[in-house]
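User: I want to learn how to read the main features of a protein model. Please take me through them one at a time.

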Amino acid sequence: FFRGHNEEVSCIAVHPNRRFVASSQTGRFPPIFVWDSKKRVKGTKLVSDESHLATLNGHERTTCSLDFSHDGKLLVSVGSDDHKTAI
């Protein structure tokens, strides 16, 4: 479970190994977070401290879609930028 977003979550993708997850959000310059779904909150410690693995940036507006390649080596994202940027 990951609580690092500060806007509404717009998309999510699960890695083929089912352990890693990528998620992004609405708004301007939305980050894409990669996190470990096996990490759990202990007590009052923020989950993002435990599960957060990476933050990716590149879109100017809401991320519309995320997906991992079949072998899990690549992550693609599509944004709602003027040019529908894919990174």
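User: Which residue in the turn between E2 and E3 has a positive phi?
Analyst: First, the naming: strands (E, at least two residues) and helices (H or I, at least four) are DSSP runs, numbered from the N terminus. Two strands pair if DSSP finds at least two bridges between them. Here E2 and E3 form a hairpin with six residues between them. Gly-27 is the turn residue, with a positive phi of about 105°. This is a predicted model: local features need pLDDT of at least 70, side-chain atom pairs count only at pLDDT 80 or more, and totals for chains, interfaces and linings use all residues. Residues are numbered from 1 along each chain as its sequence is written, and side-chain values use heavy atoms, with hydrogens and water left out.

User: How many bridges join E2 to E3?
Analyst: Four, and the two strands run antiparallel. E3 covers residues 32–36.

User: What lies between E1 and E2?
Analyst: Five residues, in another hairpin. Arg-18 sits in that turn, with a positive phi of about 65°. E1 (residues 9–14) and E2 are antiparallel and share five bridges. Cys-11 has Ser-24 in E2 as its bridge partner.

User: In what order do the strands form the sheet?
Analyst: E1-E2-E3-E4, four strands in an open sheet with antiparallel pairing. E1 and E4 (52–56) stand at the edges, each with a single partner strand, so one side of each has no neighbour in the sheet. From one strand to the next, the twist averages 20°. That angle runs from 0 to 180 degrees between N-to-C directions, using axes fitted to C-alpha atoms. Four bridges link E3 to E4. Trp-35 stands opposite His-52 in E4.

User: Is E2 mostly covered or mostly open?
Analyst: Buried means under 20% relative accessible area, exposed means over 50%, and partly exposed lies in between (1.4 Å probe, protein chains only). E2 (residues 20–25) is mostly covered, with five of its six residues buried. Across the protein chain, buried residues make up 34% of the 87 residues.

User: Which residues make up the largest nonpolar core?
Analyst: In soluble globular proteins, nonpolar side chains tend to be buried together. A nonpolar core is a set of buried Ala, Val, Leu, Ile, Met, Phe, Trp, Tyr and Cys residues joined through side-chain atoms within 4.5 Å. The largest one here has seven residues: Cys-11, Ala-13, Ala-22, Ile-32, Val-34, Leu-66 and Phe-68.

User: What is Val-34 in contact with, beyond four places in sequence?
Analyst: Contact means heavy atoms within 4.5 Å. With neighbours within four places left aside, Val-34 is in contact with residues including Val-21, Ala-22, His-52, Leu-53 and Leu-75.

User: How many disulfides does a search of the whole structure find?
Analyst: A disulfide is a covalent bond between the sulfur atoms of two cysteines. The test is a pair of cysteine sulfur atoms within 2.5 Å. The search finds zero. For Cys-11, the nearest cysteine sulfur is that of Cys-64, 7.4 Å away. Cys-11 counts as buried, at 9% relative accessibility. Cys-64 counts as partly exposed, at 42%.

User: What pattern does the protein chain follow along the sequence?
Analyst: β-β-β-α-β-β-β. That is one helix and six strands.
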